Amino acid sequence: MTATTRPGFKARSDAALANPTLKTAIDRTTGTAERKRAAALARFAEYEAARSRGSAIKDHVIANLDHYLEMFERNATASGAKVHWAATESEACDIVIRLCREAGAKRVTRSKSMLGEEIGLPDALGSAGIERVETDLAEHIIQLAGEHPSHIIWPAMHRTREQVAELFNADHKPPPADDEAASMVQSARHVLREKFLSADVGISGANFLIADTGATCTVTNEGNAELTTTPPRVHIVTAGIEKLVPSTSHAMALLRLLVRSATGGELTQYTTFHCGPKRPGDADGPEKMHIVLVDNGRSEMIANEFRDMLRCIRCGACMNHCVVYRQIGGHAYGGTYPGPMGAVLTPVLDGLAQSRDLPFACTMNGRCAEVCPVEIPLPTLLRAWRGRSWRAGLEGATMRAGLGAWAGLARRPGLYRMASGIGVRALRLLGRSGWIGSLPFAGGWTRHRDLPGPTGGTFMERYKAERGKRPEDRR
Amino acid sequence: MTDASRPRVGLFVTCLVDAIRPEIGFAAIRLLEDAGCDVEVPTRQTCCGQPAYNSGDDASTAAVARQVIAAFEPFDHLIVPSGSCAGTIRHGYPTLLASDSEWGPRAARLAEKTHEIMSYLVDIRDYTPDGLRLEGSATYHDSCAGLRELGIHDQPRRLLAAVDSLEMRPLDGENVCCGFGGTFCVKYPAISNAIVDEKADAIERSGADMLLAGDLGCLMNMAGKLNRRGSKVRCFHTIEILAGGGDGPAIGEKP
Ligand code: SF4
């Protein structure tokens with residue numbers, strides 16, 4: 001589908017709202033995540049201090065990005081890895097495809113990486129005729145279903161276990177013994193293991209890039225990253241430049257926040273540092289290691305009002321606690337990243353005109369910022385997009401005219417008094433029973449709920465009458 | 001007759017209270033006077049500017065902000081019966097006007113003396129209502145702006161604890177947004193509806209006779225949904241109860 005025929009945000013969110021299975025799936029995952037995070041933080045007395053420190057680490061790196069990028073490149077190169085720089089998503093994909101071809105790769109394994117999704121790597125590999133095997137269980141589900149992730153931590157959270165069982169029954173040979181979670185995991189392991197071992201190239205993301213050692217760090221709960229990065233001859237890392245941290249201890253400080261905020265665990269099952277290719281005497285490891293550092297709009301954010309967003313450690317807490325995400329799920333957002341953080345990032349990546357609904361599809365309730373482990377003021381950033389949208393004239397004519405009329409009145413109290421008096425009298429005629437069940441110009445409201453009618457004249461009229469005072473000013 | 005112990009407060013009525021439920025404004029006056037304040041209602045007020053602010057129209061918001069600042073800066077305090085309008089004046093105005101050398105400092109000074117009414121009564125006036133009695137049970141929803149921008153949580157509960165015979169019941173997800181969001185509820189009515197529907201479920205589950213909150217916008221949303229569902233839960237602004245109005249008509253009931 002082309003951009004013009006692709007259903008817009010409203011159509012996508014309407015479809016999501018009409019899907020009760022999706023709501024069940026969202027509630028299960030986000031509900032559990034919310035409870036576990038709360039329990040983990042209740043046991044983490046130093047949380048507020050850790051949060052300030054985490055934010056300060058990220059801010060420091062962003063303020064000194066050139067310094068740390070150079071340090072990382074120097075140390076990664078010294079460890080035997082090769083560092084590549086990509087300014088855009090297409091440059092990043094081109095580099096990865098070239099490296100795969102140089103390695104003579106027919107089959108690559110990939111472990112879950114949102115940066116990979118951001119740059120469109122799954123599709124790029126497909127177009128290049130390279131077989132892609134997703135090793136993360138949820139990504140395996142997504143791949144079988146031909147979908148994109150709907151959550152940055154649980155990419156397949158929009159599917160219930162029952163739906164996953166159907167997919168596996170159709171695809172896995174032999175199919176899982178039954179649709180209990182254990183049998184399905186067993187079945188996926190059986191199908192994937194053999195492919196793990198026969199892949200030529202393994203592609204991973206990175207949760208942290210450690211400047212003073214040149215290592216990349218991945219965290220998973222399935223151990224699939226290790227199987228992606230160790231057996232193949234070549235290991236390629238793709239990572240956004242904002243993943244830099246000065247040292248391993250800084251990475252650990254952020255990891256404490258990341259894991260608790262994401263899953264409520266204290267540490268991931270697997271936390272692995274990849275430092276260069278296999279050295280003489282090493283039992284295993286890739287012969288070559290490449291690290292592709294991706295900018296894709298990030299350095300521009302350093303200089304504009306979205307800089308705070310670069311602190312994001314991709315924990316997903318903001319979406320788990322978002323009332324809008326919890327109704328419509330991730331696909332309705334239409335970008336790589338969903339939820340509050342996605343509503344800030346998607347306009348950066350896809351352009352505001354393409355994704356203008358996202359910053360507006362938010363009640364500004366602030367819960368996302370409250371739970372963000374690196375103190376990103378998400379509502380403020382969404383408001384900044386609203387301001388840009390208004391100044392760019394992207395707001396529709398009806399809304400502009402309506403707001404223009406409102407602003408004209410709001411700035412003239414005398415006139416406003418008259419207009420509100422008339423409006424209130426009209427509403428009272430409609431709401432004689434107390435409630436107004438339908439109102440032509442407020443259909444969005446009255447389609448779903450009743451509107452309480454005014455209880456009498458306006459406050460200002462009644463106040464004036466009660467106090468016997470005249471307004472001293474009527475412009 | 002300036003009595004240093006009696007602060008002179010300007011009441012910012014809010015556009016919704018002005019049009020839909022003036023009783024909240026009168027309740028505010030009663031409570032503020034009872035708490036020892038001289039209350040005035042400046043006539044050069046309309047709205048705090050949120051419709052424009054939430055739409056990204058910063059120029060119109062700034063124009064409205066300057067008008068509010070000019071009207072209220074003579075007072076010792078600006079008091080609002082809404083956490084969301086108070087939040088806009090306290091946080092929105094100073095940010096919006098930060099680069100304006102004249103209005104920036106004036107916005108900052110007004111922000112300092114702007115308070116949501118329940119937090120003002122408790123934190124600044126150390127006020128406890130006296131002689132209140134209301135049979136029944138109520139549950140309380142924490143409106144988002146009040147809770148997160150202004151830290152209003154304990155104050156309404158402390159004030160309500162002074163009402164004899166009123167049983168307060170817990171509300172599941174008391175700190176979860178009701179889906180109002182100002183312009184959000186008309187821009188994305190279907191999403192807003194799904195959110196308020198879940199909120200209405202929680203309110204009904206609480207088993208309370210009454211729903212109380214501190215923002216008329218949220219209350220209209222929840223009350224409107226409850227009524228559409230045929231629920232018998234009655235909705236009031238908390239300060240109506242505190243000013244002794246719990247026996248009168250609830251939001252949407254025929255006066
Ligand atoms: S914005 Fe904050 S809460 Fe959301 S994913 Fe990023 S770090 Fe986590």
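1. In what order do the strands of the open sheet of chain B follow one another, and is their pairing parallel or antiparallel? In this predicted model, the open sheet has 4 strands in the order β2-β1-β3-β4 of chain B, and the pairing is parallel. The edge strands are β2 (38-40) and β4 (114-116) of chain B, each of which pairs on one side only, and the twist from one strand to the next averages 30°.

2. Strand β3 (residues 77-80) of chain B pairs with β4(B) in the parallel sense over 3 bridges, and Ile79(B) has His115(B) in β4(B) as its bridge partner. Helix α5(B) lies across β3 and β4 of chain B and runs at about 160° to β4(B).

3. The domain assignment divides chain B into domain 1 (8-123) and domain 2 (130-242), with 22 Å between the C-alpha centres of domain 1 of chain B and domain 2 of chain B. The contact between them draws 29 residues from domain 1 of chain B and 22 residues from domain 2 of chain B. On the side of domain 1 of chain B that touches domain 2 of chain B, at least two residues each come from α1 (15-19), α2 (22-34), α3 (50-53), α5 (83-96) and α7 (117-124) of chain B. The residues of that side of domain 1 of chain B comprise 14 nonpolar, 10 polar and 5 charged.

4. Turning to chain A, the C-alpha trace spans about 95 × 55 × 50 Å along its principal axes, and chain A contains 23 helices and 12 strands. Of the 475 residues of chain A, 47% count as buried. Among the contacts in chain A with a separation of 6 or more, 72% are accounted for by residues 24 or more positions apart. The domain assignment gives domain 1 (9-299) and domain 2 (412-467) of chain A, and the centres of these two domains of chain A, taken over C-alpha atoms, are separated by 54 Å.

5. Strand β7 (residues 234-240) of chain A deserves a separate point: 7 of its 7 residues are buried, so the strand is largely enclosed by the rest of the structure. In a regular strand, side chains alternate between the two faces of the sheet. In β7(A), Val234(A), Ile236(A), Thr238(A) and Gly240(A) point one way, whereas His235(A), Val237(A) and Ala239(A) point the other way, and all are buried.

6. Which strands pair with β7(A), and over how many bridges? Strand β4 (residues 201-204) of chain A pairs with β7(A) in the parallel sense over 4 bridges, and strand β10 (residues 288-294) of chain A pairs with β7(A), also in the parallel sense, over 7 bridges. Ile203(A) has Ile236(A) in β7(A) as its bridge partner, while Gly240(A) stands opposite Val294(A) in β10(A).

7. Finally, the contact between the two chains takes 54 residues from chain A and 59 residues from chain B. The side of chain A that touches chain B is made up of 26 nonpolar, 16 polar and 12 charged residues.

Terms used:
Residues numbered from 1 in each chain as written. Chains lettered and ligands numbered in written order. Predicted model: local features only at pLDDT ≥ 70, side-chain atom pairs only at ≥ 80, totals over all residues. Domains from an automatic or database assignment. Contact = placed C-beta atoms within 7 Å. Nonpolar A, V, L, I, M, F, W, Y, C, P; charged D, E, K, R; others polar. Buried ≥ 20, exposed ≤ 12 C-beta atoms within 10 Å, placed from the backbone. Pairing = 2+ DSSP bridges. Axes fitted to C-alpha atoms, helices over the stretch in contact; angles between N-to-C directions.
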